[in-house]
Amino acid sequence: MNRNLALVTALGAGLFTASVSAQTPAAAPAAAAPAPVAPQAIPAKIALIAFEQSVFATNEGQVSVQAVQKKYEPKKAQIDTLAQEVDSLKKQLQALPATTSDEDRASRLKNIDTKEKQLNRDAEDAQTAYNADLQEAYGKLAQKVNATMRKYVQDNGYTLLLDVSGQQNPVLWALPTTDVTEAVINAYNTSSGVAAPPPAAPSATRPRPAAGAAKTPAAAPKK
């Protein structure tokens, strides 16, 4: 509807303009266009940054990651418990004597299959939710780190900044001194005032991936 309204408005304006043009004297010739500005070469000062890594490497980023991990610790414990139960049931099935009836074996296999499917569903759901929370935290923080990054390169006279976060970035080699990742992290830590968090406990890890499922990377997309 908006598109049709815009089209009708544009046509109406065109008809109105044509009508007015027919009734008014011809306009004076347009002034000559200004001469194009010639491009000027300036000395290049190039910097590299691993932006994705820098976001979660800041103190605030580490705090955010630990908060997400802590949120999913109860779910991870449930998944680990169910995984241990499935492993135990499989070992019991393997240890059954040869005299065990087919009905008993079939019942045990069905129970294992049911629990294993539940384990996979729970693990996949938890992994998806975990990654979504990490991505949300990344998105919020990336905007603030991006502002600090831009200010840093401008204040230090850089003319070009390349993001080398991705595995397929085009930079094959560069002097270590061109990498400003650590400098931007330090600049953001100073401006944010967030202290470095204590080391995470060994148990503070992401939920167990489902059996046979592809592992989803924790890092969010680029800015």
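# Salt bridges, rings and confidence

R108 has a relative accessible area of 30% and is therefore partly exposed. The classes are buried (under 20% relative accessible area), exposed (over 50%) and partly exposed (in between), using a 1.4 Å probe and protein chains only. This is a predicted model, in which local features need pLDDT of at least 70 and side-chain atom pairs count only at pLDDT 80 or more, while totals for chains, interfaces and linings use all residues. Residues are numbered from 1 along each chain as its sequence is written, and side-chain values use heavy atoms, leaving out hydrogens and water.

## Salt bridges

R108 has a partner: D104, with which it forms a salt bridge. The term requires a side-chain nitrogen of Lys or Arg within 4 Å of a carboxyl oxygen of Asp or Glu. Across the whole structure, a search finds nine salt bridges.

| Pair | Closest N to O distance |
|---|---|
| E60 and K144 | 2.7 Å |
| D104 and R108 | 3.2 Å |

D104 and R108 sit four residues apart in helix α5, which means about one helical turn between them. D104 is partly exposed, at 30% relative accessibility. Helices here are DSSP runs of H or I with at least four residues, strands are runs of E with at least two, and both are numbered from the N terminus.

The salt bridge of E60 and K144 spans 2.7 Å between its closest N and O atoms. E60 belongs to helix α3 (residues 59-71) and K144 to helix α5 (residues 102-155), so this pair ties together parts 84 residues apart in sequence. E60 is buried, at 18% relative accessibility. K144 is partly exposed, at 40%.

K90 is in helix α4 (residues 73-94) and E116 in helix α5, so the pair ties together parts that are 26 residues apart in sequence. K90 is partly exposed at 30% relative accessibility. E116 is partly exposed too, with a relative accessible area of 25%.

## Aromatic pairs

The whole structure holds two aromatic pairs. Rings of Phe, Tyr and Trp (its six-membered ring) pair if their centres lie within 6.5 Å; planes under 30 degrees apart count as stacked, over 60 as edge-to-face and the rest as tilted. Y72 and Y130 have ring centres 5.7 Å apart and planes at 75 degrees, so they are edge-to-face. Y72 lies in the loop between α3 and α4, and Y130 in helix α5, so the pair ties together parts 58 residues apart in sequence. Y72 is buried at 9% relative accessibility. Y130 is buried at 2%.

## Surface patch

I46, L160 and L162 make a nonpolar surface patch of about 220 Å². Patches take residues with over 30% relative accessible area and no salt bridge, joining like charges within 9 Å and nonpolar side chains (Val, Leu, Ile, Met, Phe, Trp, Tyr) within 5 Å. Areas come from the Shrake-Rupley method with a 1.4 Å probe; for residues, only the protein chains shown count as cover. L160 is part of strand β2 (residues 160-163). At 40% relative accessibility, L160 is partly exposed.

## Confidence

The chain has a mean pLDDT of 81, and 75% of the residues score at least 70. pLDDT is the predictor's confidence in each residue, from 0 to 100. Confidence is lowest in helix α1 (residues 2-23), with a mean of 38, and highest in helix α6 (residues 181-192), at 97. Residues 1-25 have pLDDT below 50, and this stretch has zero contacts in the model beyond near neighbours in sequence. A contact means heavy atoms within 4.5 Å. Residues 209-223 also stay under 50, but the model has 33 contacts for them beyond four places in sequence. Where pLDDT is low, the predicted coordinates should not be read in detail.
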